[in-house]
Amino acid sequence: MAAAIPICIPNNCSWNESSQIFKQDQSQPRSELQLVDEALRKLRSIHGPVCVVSIAGPCRKGKSYILSRIFDQPNVFGLGNSFDPETMGMWMWVVPEKYRDNTGQEFTVVLLDSEGTDAVESQVVNDHAIFILSVLLSSVLIYNSVGVPTRTDLETLEYPFHLSP
């Protein structure tokens, strides 16, 4: 069964390309994100126009599920059923089917599923890094909130615009 692969993961995590196993070492502190070579190779292999669709928002609110359902790509993003977050860092899936824009030009869709904000074991700096990556890498950004967006949601969305003095 095909599944998403990480594009960037916390430095206290590892990805084994051959076994497709993701591990987190909770005895080590998390301080930064690291790129995953397999994902970069996969992105470099795409020819032609690309539309990157990413999703961001609070943890444990269904981002992975929503992204999978929108593009009818079941079982590519891990879905959790516990208090602990399922997605760490940012994971990607290249949709195998091609799409066409309104002019008829064919393009590839890349889906980016991101770690949720406000997770218990995460820090605000991690939330900001993931959110900024989502904004910078995407052609289309979906912000998932349950119900009406809260002040915290809006502050999160506002953060990238306050990076310069």
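Student: How many disulfides does the structure hold?
Tutor: This is a predicted model in which local features need pLDDT of at least 70, side-chain atom pairs count only at pLDDT 80 or more, and totals for chains, interfaces and linings use all residues. Residues are numbered from 1 along each chain as its sequence is written, and side-chain values use heavy atoms, without hydrogens and water. A disulfide is counted when two cysteine sulfur atoms lie within 2.5 Å. The number of disulfides in this structure is 0.

Student: Is Cys8 buried or exposed?
Tutor: A residue is buried under 20% relative accessible area, exposed over 50% and partly exposed in between (1.4 Å probe, protein chains only). The relative accessible area of Cys8 is 4%, so Cys8 is buried.

Student: To which class does Cys13 belong, buried or exposed?
Tutor: The relative accessibility of Cys13 is 6%. Because of this value, Cys13 counts as buried.

Student: What percentage of the residues of the protein chain count as buried?
Tutor: The protein chain has 165 residues. The part of them that counts as buried is 42%.

Student: In what order do the elements of the protein chain run?
Tutor: Helices (H or I, at least four residues) and strands (E, at least two) are DSSP runs, numbered from the N terminus. The protein chain has 4 helices and 9 strands. Read from the N terminus on, their order is β-β-β-β-α-β-α-β-β-β-α-β-α.

Student: Which residues touch the most other members of the largest nonpolar core?
Tutor: Such a core joins buried Ala, Val, Leu, Ile, Met, Phe, Trp, Tyr and Cys residues through side-chain atoms within 4.5 Å. The largest one has 29 residues, and those touching the most other members are Phe77, Met92 and Leu111.

Student: Why does Asn16 count as partly exposed?
Tutor: Asn16 is found in strand β2. Asn16 counts as partly exposed because its relative accessibility is 35%.

Student: With which side chain does the side chain of Asn16 make a polar contact?
Tutor: A polar contact pairs N or O atoms within 3.5 Å; within protein, one must be able to donate a hydrogen and the other to accept it, and residues adjacent in sequence count only if both atoms are side-chain atoms. A polar atom of the Asn16 side chain lies 2.9 Å from the backbone nitrogen of Ser19. At 2.8 Å, the side-chain partner of Asn16 is Ser18.
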